[in-house]
Amino acid sequence: MSNDSVGTAQVADHPQATGTPADAGDAGYSKDLKHRHVNMIAIGGAIGTGLFLGAGGRLHTAGPALAVAYLVCGVFAFFVVRALGELVLYRPSSGSFVSYAREFLGEKGAYVAGWMYFLNWSTTGIADITAIALYTHYWSMFTSIPQWVLALVALAVVLAVNLISVKIFGEMEFWFAIVKVATLVGFMLIGVFLLATRHDVGGHAPGLSVITDNGGILPHGAMPVVLVMQGVIFAYAALELVGVAAGETAEPEKVVPRAVNSIMWRVGLFYCGSVVLLALLLPGSVYSADESPFVTVLSRIGVPAAGDVMNLVVLTAAMSSLNSGLYSTGRILRSMAMAGSAPKFTRVMSRSQVPYGGILLTCAVCVLGVGLNYLVPSQAFEIVLNVASLGIVSTWVIIMVCHLVFVRRARAGLVARPHFRLPGSPVTEIATIAFLLACLALMWNDPEVGRKTLLLVPLIAALLVAGWFAVRHRVARTTDRELTGN
């Protein structure tokens, strides 16, 4: 039996039988995140630039049926978070799915899960600082400042917040989420008023006639709706942050179920509700990828400074995403470092119980993004966004595979499932994995960017294999020390 298998089997028997953390990376954290922090982290993960900015171009492409695409993807995203929530209640860990991958799939599984998640958030971080720089250029007072300078300033500010304490991170995410939710609620109230009064919106009378007179629910057929799924899945990225944050809250058994269960109705209300309203107010052809759909509507009814307000909100969403990325990768990398599969310096903690080594590593990759903004400012955002999608899909697939193994062991009597469970196992997990892989395959239909991104898969696989051979002996030594207690 390999060292991986021995270590995995040992942890699986009784992960907390000794009273010490099952994952060595869980030691040393504070428990300063409150219910309101975790709740808003869940909201922040569900609402971002994918809705505030991305919905415009998707409405133009797919039409009103985009609401169905958001609903379908939202259901599968909920399954992923519900599965992760069950694993969290079984054993809370700041290492989250990497820790569960170690227990149920072995060290190789944890290694792949961790580094693919790092790929996701480090490239998303580059996309975020690029987006922040682009959004800041919207205001004339910043147009003379080079894009890379704005990107660097944004990165420095968020890094400083992350390095202070987890409580400051939680507060920042709380207020970021408040801004996003308040904006959406405000827009939806305006939209409902426009519908109820049939107030003219850019020469169109709001209502079902806007849809029926402009090609119906599927103005361009069903295929554009199918193809847009891959982008919609990316809009839900960061929902898994609930699992990471649970490791730094005092009562995960109370906080996590509430946060996870609330995700579903939020998806239905904010994503699907907003898209339905947008479709009832203006034809899909009016919206574009170059402008937030909310700005499109508000500017056509003469709301002053609509562009300024929404640009500020989108800027907030990008800052929130960057903030979350530095937070989560710091915790994930520390869990990996304690097992020997990440650089040793990523295991270090500050006096304020922040794993600053991993945060600084992610920040260093984001600095490369500053260079990308300097070299190719017009292409930086699109390049990294597609690479990040590979990390998102792999992370969610690994979560579902871990849950499948967890349920199988529970049925064998090796572990106990909590009362908070993913319904329909194993069908739910298998259907979710198939859906996620199908979304990934859909990228092949985009020859300009998507197909080139998929061609990176063999390269990423080769780098992972090479990296494993570089760290496997260190991982084996770490496992041996844990087994012998030396």
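Predicted model: local features only at pLDDT ≥ 70, side-chain atom pairs only at ≥ 80, totals over all residues.
Visitor: What does the protein average in pLDDT?
Guide: pLDDT is the predictor's confidence in each residue, from 0 to 100. Here the protein averages 82, and 90% of the residues score at least 70. Local features need pLDDT of at least 70, side-chain atom pairs count only at 80 or more, and totals for chains, interfaces and linings use all residues. Residues are numbered from 1 along each chain as its sequence is written, and side-chain values use heavy atoms, leaving out hydrogens and water.

Visitor: Where does pLDDT stay under 50?
Guide: Look at residues 1-21. The model still has 35 contacts for them beyond four places in sequence, a contact being heavy atoms within 4.5 Å.

Visitor: How many aromatic pairs are there?
Guide: Rings of Phe, Tyr and Trp (its six-membered ring) pair if their centres lie within 6.5 Å; planes under 30 degrees apart count as stacked, over 60 as edge-to-face and the rest as tilted. By that rule, the count is 16. One of them, Trp115 with Phe118, is edge-to-face, at 5.4 Å centre to centre and 85° between the planes.

Visitor: Are Trp115 and Phe118 buried or exposed?
Guide: Buried means under 20% relative accessible area, exposed over 50%, partly exposed in between (1.4 Å probe, protein chains only). Both Trp115 and Phe118 are buried.

Visitor: Why is the pair of Phe174 and Trp175 edge-to-face?
Guide: Because their planes are at 90°, with ring centres 5.1 Å apart. Phe174 is buried at 12% relative accessible area, whereas Trp175 is exposed at 52%.
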